[in-house]
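User: I would like to learn how to read a structure one feature at a time. Please show me how to go about it.

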Amino acid sequence: MAKHRLIDTEARGPAQRHERVESGRVQAAFVESDGPFAEMARELSRELDGEVRFGAGDRALYATDASNYRQVPTGVVVPRTIEDVRRTVSKCAENRVPITSRGGGTSLVGQSTNTGLVIDFSKYLNHILALDPDTKTAVVEPGCVLDELRDAAEAHGLTFGPDPATHDHNTLGGMIGNNSCGVHSVAYGRTADNVLGLRVLTYRGLEMEVGPTSDEAFRAIVAEGGEKAEIYRKLDEFRQRYGNLIRTRFPDLPRRVSGFADLDKLLPENGFDVAKALVGTEGTCVTVLEAKLQLSPSPSEQVLVILGFKGIDKAADAVPKILEFGPRAIEGIDCMLIEGMERKELHTDKLDVLPEGHDWLVVEFGGDTEEEAEAKAAKLQEHFEANPHVQAKRVTDPETQEKVWLVREAGLPASAYVPDRPEAWEGWEDTAVPREKLGDYVRDLRALYKKYGYESPIYGHFGDGLVHCRVSFDLKSEPGIAKWRRFLDEAADLVIGYGGSLSGEHGDGQGRAELLEKMYGPELVQAFREFKAIWDPHGRMNPGKVVDAFPITSNLRLGPSYTPPELETHFHFGEGGFAAEAERCVGVGKCRRNDPGTQVMCPSYLVTGEEKHSTRGRARLLFEMLHGGVLEKGWKSDEVEDALDLCLACKGCKSDCPVNVDMATYKAEFRSHYYEGRLRPRAAYAMGRIYWWSRIASKVPWFANAVMGTPGVSRLAKWVGDIAPQRQIPRYADQSFTSWFQENRGEGGAGPRVVLWPDTFNNYFRPDTAIAAVKTLEALGFSVTIPSRPLCCGRPIYDWGLLDTASKLWQQTFTALRQEIDDGIPVIGLEPACTSAFKDELLGLFPGNEQAKKLSEQTHYFSDFVAEHLKEHEPVAEGGRAVVHFHCNHHAVLGKGGERQLIEALGVEPHVLPSGCCGMAGSFGFEADKYELSQELGERVLLPSVRAASEDDYIVSSGFSCREQIEQSTGRRTLHAAELAARRLGLN
C-alpha cells in the first residue's frame with residue numbers, strides 16, 4: 001500500500017487551508033517546555049516537519065475527549081508526514097513514553113486520553129491517497145474525515161458503509177480504532193467488515209502491511225525472519241491456543257465490538273486476517289499509518305417509512321419482522337428524545353415529519369431506481385397499515401428525509417442539558433443484544449433505570465439490536481459515583497444475560513474495560529492481554545485502555561475532587577454559574593466540521609484547523625482554567641486568551657453547538673477579568689470605542705474623512721489603532737441619520753408608534769439604510785420616532801470585555817426609553833449584531849430586571865417586523881434575484897426566516913449563501929494581525945459567490961461588517977434589507 005497516486009481532494013481538509021494562513025497566527029511548531037520531557041520535546045522539534053507541543057495550553061486541550069475521563073498528556077505532536085510519525089514513535093520508544101493516537105477526539109469511553117504523548121492525525125494526515133472505482137477500494141490516511149471519503153466515492157456511485165452520527169467530522173483512523181458502525185450497519189456491517197488492509201507501525205519501530213494471510217504468504221513471512229516473522233509466529237501460536245475458546249465464547253451478534261472483538265478473524269476459516277483483528281483495538285497495539293478500505297455500491301434512491309408505536313419496547317419488538325423486508329437501516333427514537341428537542345427548541349421545525357405515535361422507528365429502503373425503493377417501502381407500509389396500534393408514513397422527498405435524519409442524529413444534543421431534567425451523561429450508552437431479544441432487553445433496561453432512580457431516553461440502531469442512552473448519573477459526588485458503579489455491574493449482567501455486547505460501536509476504553517471479564521471470562525481477557533503483548537510487549541501503546549484498564553471510576557473529568565472556585569461574574573450564567581458553563585461542552589466535535597453548510601461555528605477553526613480555535617477546544621481550556629493543575633493562573637491564563645483571541649464572537653456556537661455553548665459570552669466575561677488592571681490592545685480603544693469616536697467625528701465628518709484620507713496620516717492612524725494597512729477605514733457620512741431625522745421628520749405621524757434604533761454603524765456611516773427603514777415603516781402606516789439622545793447597545797465593546805461600560809450604556813437606554821418601555825412601544829433594530837444584543841447580552845447582564853426583560857421582548861429586527869406587516873402592500877416590480885448573506889449574529893440569535901420572507905414578499909428570489917461568517921466580525925477583520933485570516937474566511941464561500949453573481953443580482957447583506965467585507969474585497973455594492981424594501985416599494 002506504500003505507493004499510491006494522491007488524488008485531487010480539492011484541499012478540503014483544514015490542513016491545506018491552514019498552510020496558506022499559517023504565518024504569525026498559529027502556535028509555533030515547538031512549544032517550550034520545562035518539564036521532565038523538555039529535552040525530548042526539543043529533539044522532536046528539530047527532527048519533525050510537523051508541530052511539537054509540550055506547553056500547558058496544548059496539554060490542557062488534549063486532556064479530555066467526549067467521555068467522562070480526563071488525563072493530561074505529556075505532550076502533543078501534530079505530524080505533517082508519515083516520516084514525522086516514524087520519528088515520533090522512535091523518540092517515544094527511546095524515552096519510554098506511552099503513545100495515544102487521536103483523530104477527531106470524539107471517543108465516548110476515554111480511549112483518546114492518556115498521560116503519554118498524543119499524536120493528532122486530523123490536521124495534516126487527512127488525505128484520500130487513492131480511490132479505484134473498478135475495484136471499489138480506497139486508501140486513506142488516518143486523519144481523513146469520513147464524509148470526505150464518502151463524497152469522493154459518491155461521484156462513482158459508491159460509499160463507505162459505516163456511518164456514525166459524527167460522520168461529517170470523525171476520522172477514519174478513529175473509526176478503525178473503535179470499530180465504528182452507524183446507521184447503515186444493517187447493510188454494511190462494522191468498520192472491521194470493510195477494512196481490506198492496514199499499514200501499521202509498532203512501538204518498536206517495525207512498519208508492516210497486514211491483511212488476509214494465505215498459508216503460502218505466512219510461510220514466506222516466517223522464512224524471511226526478523227521481527228515481522230516473530231510477530232506472525234506468535235499470532236499463529238495464539239490462534240491455535242485460543243481458537244476453540246474464541247469460537248465458543250464470542251457472542252454471535254452483528255454489533256459485537258467490546259474487547260478485541262475480531263480476534264476470530266485470525267482463525268483459518270476467516271483467512272488469518274491480521275488487519276481485521278487489529279480493528280477495534282483502540283490504539284493499544286499499533287499505530288495505523290494507512291488503511292485500504294472496501295467501498296460499496298450506494299443506492300441512488302432512498303425511501304423512508306416512519307412507524308409510530310405506543311412504546312419504544314413495542315417498536316423494538318417489531319424489528320425482527322421489519323428485517324424480513326430487506327431494509328438498509330432501522331433506527332429507534334423514543335418520546336423522551338423528542339420531548340428533549342421540544343424543551344431545547346432543537347429541530348422543532350422538523351418534528352412534523354413524524355406520524356402519530358409515542359415512539360418511532362425510521363426504516364430506510366434503497367434502490368437503483370425510485371420505483372424499486374418505493375416498492376420495498378410500500379410492502380412494509382402495507383404490512384403495518386393493518387395494525388391499528390401502529391401509524392405508518394412513507395417519506396420520498398429528499399429534503400423531508402434530511403429532516404428525519406437530523407432528528408435522529410440529534411440524539412446526544414437532545415438528551416444533554418435538557419431544561420427541567422437532571423444532568424445526563426454517557427457511561428452506559430452503547431449496548432447491543434440479539435435483535436430478536438431487543439424488546440425484552442429494552443423493557444428490562446427501563447426497569448433497571450427505574451430501580452436506580454435514573455432517567456434516560458432510549459434510541460439507537462435498532463436494526464442491529466443496539467441501544468443508545470444518556471443517563472442521569474451523578475458523577476460528581478462519592479455516593480453518586482458508587483451508585484453508578486453498582487448500576488454498571490447489574491447492567492452488565494443484564495446485557496450479557498441476553499447474549500449481548502457491552503459495546504456495540506463506541507468501544508471500551510476505560511469506561512467498560514473493567515467489565516470485560518463478565519462478558520468474555522478470565523481466559524479470553526487473558527487472551528486479549530497476550531494479543532496486545534505480541535505487538536506491544538512493554539505496554540506503552542495507549543496503556544490503561546481495554547487491557548489492564550484503569551478502574552472505571554478513576555480519571556473522571558468531574559468527580560468529587562473537582563471543586564471549581566465560585567466566581568464573581570458580570571453575566572448571569574444560571575445555576576452553577578460560570579463553572580457550569582465551562583463543563584457544558586460534551587466533546588462531540590460538531591464544531592470541527594469543514595463543509596460550507598448552514599453551520600456558522602467555528603470560523604477561525606475552518607481556516608486554521610487548530611483544536612484551540614474550535615468551540616470545543618476553547619470550552620476545554622476554560623474548563624481546565626477552573627480545574628487547575630495544568631493552567632494555574634485562572635482568569636489571567638495566557639493560554640485561554642491566546643485561544644479566545646481568534647474567536648470572532650460570531651455566536652454561531654450559541655445556535656449550532658449541540659449543547660449551546662456560548663463562546664462569545666464566555667469570551668466577553670473572561671476578558672473582563674483578564675484585562676482587569678492592565679491595558680488592552682490598541683484595537684480595543686480604536687475600533688472598540690467607535691461609538692464615542694463617531695459622536696465626535698460626526699460634528700465635522702468632512703475633516704475626519706479628509707484626515708483619514710491623507711496617506712501619511714492614514715498610515716499613522718492605522719498603526720495607532722492597530723488596523724491592517726490593507727483596510728479602508730469606513731468614511732463618515734456627510735450627515736448622520738439622527739441629524740437627518742431631526743430635520744425631516746420632527747414629531748412623526750399619526751399611526752402606531754415605533755422607535756427606530758439608530759445604531760452607531762447605520763447612524764454615522766450608512767444613514768441611507770436608516771432613512772430607507774423610516775420610509776418603509778411609514779409606508780406601512782407606522783409613526784417612526786427615535787431616542788431623544790445618543791445611545792449605544794455596546795456591541796463593539798463586549799468582545800474586549802468592557803462589561804462595566806456596557807452596563808452603564810444600558811442604564812442610559814433604560815432612562816432614555818423609560819416611557820417607551822412602559823408603553824410597550826416596538827423598538828426596531830437595523831444592525832443584526834446590535835439587535836441581537838437586545839435579545840442576548842441585555843438579559844445576561846440584567847437578569848431579573850423587568851425593564852431589561854420588557855425592552856428585550858419589544859425589540860424587533862427590521863426584516864421580521866416588516867415581513868409581518870407587509871401583507872397589504874405589493875412591490876412595484878416583480879422578478880429579480882438576490883444573493884443573500886446573513887450576519888452571524890442574525891443566524892445565531894435572531895433567526896433567518898423573517899428576512900427571507902421579506903425578500904420573497906418583495907417579489908425577489910433569494911439565493912441564500914450556504915456559509916457563515918464573512919470574516920470581518922466588527923473590529924476583528926480590521927486588526928492588523930487578523931487581516932489575513934479575515935480574508936481567508938471571506939474567500940471560503942462569500943466573496944467568490946458575490947464575484948460570480950450577475951450584475952443584475954442584488955447583493956443583500958444587512959450587517960455593517962459583512963457589507964464592509966464584501967464591498968472592500970469585491971467592489972460590489974450591497975443593500976440592506978431596508979434599502980431593498982424601499983426600492984421595491986417605490987419609496988426612493
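User: Where is Ala 649 found?

Analyst: This is a predicted model. Ala 649 is found in the loop between helix α24 (638-644) and helix α25 (652-656). Its phi is near 50°, a positive value in a residue other than glycine.

User: Which residue has a positive phi of about 65° although it is not a glycine?

Analyst: That residue is Asp 420. Asp 420 lies in the loop between α16 (411-415) and β17 (431-432).

User: Is Asp 420 buried or exposed?

Analyst: Asp 420 counts as exposed, because its relative accessibility is 78% and the cut-off for exposed is over 50%. Leu 406, in helix α15 (residues 398-409), counts as partly exposed at 29%.

User: What joins Met 601 and Cys 602?

Analyst: A cis peptide bond joins them, with omega about -10°. Cys 602 has its place in the loop between α21 (577-583) and α22 (603-608).

User: Now cysteines. What is a disulfide?

Analyst: A disulfide is a covalent bond between the sulfur atoms of two cysteines. To look for one in a model, take a pair of cysteine sulfur atoms and ask whether they lie within 2.5 Å. By this rule the count here comes to zero disulfides.

User: How do I read a strand? Which way do the residues of β5 point?

Analyst: Look at the side to which each residue points. In β5 (residues 117-120), Leu 117 and Ile 119 point one way, while Val 118 and Asp 120 point the other way. All of these residues are buried.

User: Which strands pair with β5?

Analyst: Strand β3 (residues 75-78) pairs with β5 in the parallel sense over three bridges. In that pair, Gly 75 stands opposite Leu 117. Strand β4 (residues 99-102) also runs parallel to β5, and four bridges join the two. Here Thr 100 stands opposite Val 118.

User: And a helix? Which residues of α39 are buried?

Analyst: In α39 (residues 850-857), the buried residues are Gln 851, Ala 852, Leu 855 and Ser 856. Seen down the helix axis, these buried residues fall within an arc of 130°, so they line one face of α39. On the other side, Glu 850 and Glu 857 are exposed.

User: What covers the buried residues of α39?

Analyst: The cover includes the helices α35 (803-816), α36 (818-823), α37 (832-839) and α38 (841-845). The strands β21 (827-829) and β22 (859-861) are also among the elements that cover them.

User: What is found at the start of α39?

Analyst: There, a side-chain oxygen of Asn 849 reaches to within 2.9 Å of the backbone nitrogen of Gln 851.

User: One last point, on sequence and space. How far apart are Leu 406 and Ala 706?

Analyst: Leu 406 and Ala 706 are 300 residues apart in sequence. In space, they are 54 Å apart, from C-alpha to C-alpha.

Note on methods
Residues are numbered from 1 along each chain as its sequence is written. This is a predicted model: local features need pLDDT of at least 70, side-chain atom pairs count only at pLDDT 80 or more; totals for chains, interfaces and linings use all residues. Side-chain values use heavy atoms; hydrogens and water are left out. Buried means under 20% relative accessible area, exposed over 50%, partly exposed in between (1.4 Å probe, protein chains only). Two strands pair if DSSP finds at least two bridges between them. The arc is that of the directions from the helix axis to the C-beta atoms. Contact means heavy atoms within 4.5 Å. A polar contact is a pair of N or O atoms within 3.5 Å; within protein, one must be able to donate a hydrogen and the other to accept it, and residues adjacent in sequence count only if both atoms are side-chain atoms.
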